[in-house]
Amino acid sequence: MQTSLPWIARTSRFSCSQVSISRRPTLLVSFAARTTRTATNVNVGAALRKRYITVLGTFLAPGFSSTSSTSTSTSTSTSNCHPSRSRHTRPYLGYHSKSPFRRYSTLSTIRHSEYTTAKMTRDDRDVLPEEVKPVHYDLSIFNIDNKAFTYSGTVTVDIKITKETSTISINVKELDNLKASVTVGGASHEAASIDVDSKRERATLTFSSPLQVTELAKLKLDFTGVLNNKMAGFYRSEYKVPGTTEATHMFSTQFESCDARQAFPCFDEPNLKATFDFSITVPNSWTALSNMPAISETPEPSGDLKVVRFETSPKMSTYLYAWACGEFEYVETTTERKYNGVQIPVRVYTTTGLKEQGQFALENAAKIVDYFSEVFDIDYPLPKVDMLAVHEFSHGAMENWGLITYRTTAVLYEEGKSDPRYKNRVAYVVAHELAHQWFGNLVTMDWWNELWLNEGFATWVGWLAIDNFYPDWDVWGQFVAESMQTGFQLDSLRSSHPIEVPVRDALEVDQIFDHISYLKGSSVIRMLSSALGQQTFLKGVSNYLKKHTYANATTDALWSALSEASGQDVNKIMDLWIKTTGFPVLDVKETADTLTIRQKRFLSTGDVGPEDDETVWWVPLGLTSESLTTASQEAVTALNEKETSISGLNTDYYKLNIGQNGFYRVNYPVERFAKLGTSLDKLSVADRIGLVADAQALALSGDGSTSSLLSLLQGMKEESNFLVWQTIATALSAVQGAFGSNAEIKAGLKKFALELYSPAAEKLGWTFAEGDDFLTTQLRGLLIGAAASAGHESIIAEAKRQFSAYFSGDESAINAALKLRVFRIAIAEGGKDEYDQVWAEYLKATSPDGKEITLQSLGKVKDADLINDYLEKMIGDKIPTQNTHYVSSSLALNSDAKPLVWKFVKERWDDIFKLLSGNMVLLDRFVRVTLNKFSDETILEEMKAFFEPKDQRGYDRAVRVAIDSVSGNVSWKKRDEKVVEEWLKEKGYLA
Ligand SMILES: [Zn+2]
């Protein structure tokens, strides 16, 4: 799945462009069979039930928070964008709460070293009994009622019974009218009872006589389901065909992580792979799609309907099965490469009127399929690639095998009309999902605790593909500037968690689709690949895939394949990176020709105690080669201990972590840091990004100083690279955010910013040249926006002119690449008229990115009444809950709005809670992106007092992340306010 969209992080410390629509919990399921029985769950093993009840008891305790004052945990991390089922969170195994009533107030006592991720065994997972295994499904869906939003289905599962049993357990969720029978050796047995446990999402079928061991029994179930609007299972999306006013629906599936069971009864675990036959009955005018190509379309006798039947799928996991139906159209191409002598058809499907916007994704997909077939040295395994734009979608995209589904903004792109940033996003998301067709689909993780590997790898290799096709985008620079920094931010907090976390059941899976799994995960994979050498690394990956084709494998199996390919002990290198929280900062000391390098855990709050600092990571040092002398060559590749010394070094010029391949920060002596700041021309883009980003993080934590950071930024006026400028702007806006509540400092920093941005902004200007590349286009927007917020008069005037021409009917007055910037400037510098105009634009926006751009722009509003109006709109009926965070995060970055945002959250919490708690992921995300920007001690204390008495189930981690972040900002402000003031004075920015 793709949930994390790094480029959004440019404007927000914890942001996410994922969207979730409320998925309300439905725990009460009425099953016809159930009502006729009195006993429930009679056949669930007593021991298992006892253990489960214990966990549930904890789960259900009022006021429960998933960590105790002495445990560490932190597993949820939900700044993410993962969707998901609505439910309250439960603790991960490994840190059972000692006090179920603990709330966040003991944050500072949480220690990462107490987190335990001992190997999970089958007993630690709430899985289906072992004696029944699915081999093949024959599934039919029919009676689709697109007014009442219901459907019926029948599934016959070929099962293997390995031990005599009189019960069969199978996963179901929100399915009704269940009927079940088993046929063995020609004899059919109706289930005597069907007991549904809605919390465990399973039905237990009990038969009156024991079922014998057999290689083949046929389990048949009839059921009905709901075409829900919760973006899970088999669900509906509402949309309007362009140029029409009437809303209509399309229907598609989303099964990852555990929602196949919501569409049909199944053995819904990733390692219970089986083959599938599928048919669906739809109106004649509809298109029906599934993982495999259709083999037949048979008209129903009624004349209005047809039965579409699909080819048998290869052996696969349930979470990757998919289908969709509705009024679709498509654009098509084929791969260039031949597979078994045939070029594979690649299509992008959309609803009516949108297919041309799929062209860009289509061209990329065809090339990328060929590319991965070469990289993995395994042919793309299916006979076709379909991609479908879905109007309501909880994630970015989903890698269903052969039928990849996307939210519209992750697959559609309109040249000249869409913001070019979306081009980068579409290409990358397509690559990420296609990578999963091998890594994830062909070879699947054994269990959900290894989700990080699936996602971390797809993220890394997705960017690898984009780097291959768009070398001028400098995607590794982008990775260092965005993905890595976002991973660092979350992992710098005590409330972070290890990459690999224990997952017990469906309820816990959704919580780990976060920045740690995706972004720290992909960063450590990049670090490993760079240490082993990319070719060696990919050779190991290919061997791993070949060995486990159509099966499941664990992280250890990948490490073994990589060890074999590289001759290094990969498990030893990676183990602590995967299993402990956090990352190190290297403290560097210099004497003559010797460097002493010591690693310690980095926390952005700066208060690292001995108990935080027990991990000794393997750290690839990446010393610049010109600094090495022959004597020092041998010893310096990696740090394997707490501290090491390297002698015989030419200390005239050196840099650690060259290329920023390692997931760590570096703290140089002040003089060295200043020296690096004057040798920027020797550093690559990634190294310049790393230098600025590290300086900002170290200023925040107190390991470095804000004056060094500001001096570094001051020396970067000549910079010409967008990604470096982006990092500069992020660093300066962090300083402005932390110190800006002091009016004098705010004015001084604004003056500094104007001087910093103006020359570059004026040099680049407004005019797009024919040959402008992607990064130049981006840079123009960034500099115009930054200079305007610093008060650049002529830029503001030009933006206002364009804005007014645009709203006078000349849509070509604003280049699509600058729309967000121009709207923001006009809103920030304007009043009610501009605000109303952009709001009206939001309401009528139809382009894929139009809604996102207008909502982010409105967050720049300055007038208190308008800020309050926007806050009201945020919880009104015109902004779907999937977009709430665009409003709150943009306002939280606006210094005029910040205090009003907190006031609104306090006063209207009940309304906010009611709106977003239908899906706890929405509430969790709201808290993370809205409340983490403050740097005022009073607000910090108010936040603690405000949340302390609340039942934080489902968003407690978000509160901890927000409070951790604000604590860091508060300490930063306290520690360095004078320093900043003095620096501004000394440089002439303060009167
Ligand atoms: Zn993914």
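**A walk through the model**

Helix α23 passes helix α24 in a left-handed crossing, meaning that the near helix is turned anticlockwise from the far one by less than a right angle (clockwise would be right-handed). Before we go on, note that this is a predicted model: local features need pLDDT of at least 70 and side-chain atom pairs count only at pLDDT 80 or more, while totals for chains, interfaces and linings use all residues. Residues are numbered from 1 along each chain as its sequence is written.

Back to our two helices. α23 covers residues 864-874 and α24 covers residues 884-892; their axes come within 9 Å and cross at roughly 155°. (Axes are lines fitted to C-alpha atoms, for helices over the stretch in contact, with angles from 0 to 180 degrees between N-to-C directions.) That angle is why α23 and α24 count as roughly antiparallel: the label needs over 145 degrees, whereas under 35 is roughly parallel, 65 to 115 roughly perpendicular and the rest oblique. On the α23 side, Ile867, Tyr870 and Met874 make the contact, and α24 brings Thr884, Val887, Ser888 and Leu891. Contact here means C-beta atoms, placed from the backbone, within 7 Å. Sort the residues of this contact by class and you get five nonpolar, two polar and no charged. (Ala, Val, Leu, Ile, Met, Phe, Trp, Tyr, Cys and Pro are nonpolar; Asp, Glu, Lys and Arg are charged; the others, Gly among them, are polar.)

Now try another pair. Helix α18 (residues 774-789) packs against helix α19 (residues 793-807) with the axes 8 Å apart and an angle of about 115°, so α18 and α19 are roughly perpendicular. Their crossing is left-handed. Ile784, Ala787 and Ala788 of α18 meet Ile795, Ile796 and Ala799 of α19, and by class that contact has six nonpolar, no polar and no charged residues.

Let's zoom out. The chain has 29 helices and 28 strands, taken from DSSP runs (H or I of at least four residues for helices, E of at least two for strands) and numbered from the N terminus. Among contacts with a separation of 6 or more, 74% link residues 24 or more positions apart.

Which residue does UniProt mark as "active site"? The record, an unreviewed entry, puts that feature at Glu433; such annotations may be inferred rather than shown by experiment. Glu433 lies in helix α4 (residues 421-438) and is buried because 29 C-beta neighbours sit inside 10 Å. Leaving out residues up to four places away in sequence, Glu433 touches Gln2, Ala397, Glu399 and Ile404.

Ala531, in helix α8 (residues 515-532), is buried too, with 21 other C-beta atoms within 10 Å. The C-alpha atoms of Ala531 and Gly662 are separated by 9.0 Å, yet these residues are 131 apart along the chain.

A cis peptide bond, with omega about 10°, joins Glu256 and Ser257, and Ser257 sits in the loop between β10 and β11. Glu201, not a glycine, has a positive phi near 55°; its place is the loop between β6 and β7. Met231 also has a positive phi, about 60°, in the loop between β8 and β9. Met231 is buried, with 26 other C-beta atoms within 10 Å.

Definitions and conventions. Contact = placed C-beta atoms within 7 Å. Buried ≥ 20, exposed ≤ 12 C-beta atoms within 10 Å, placed from the backbone.
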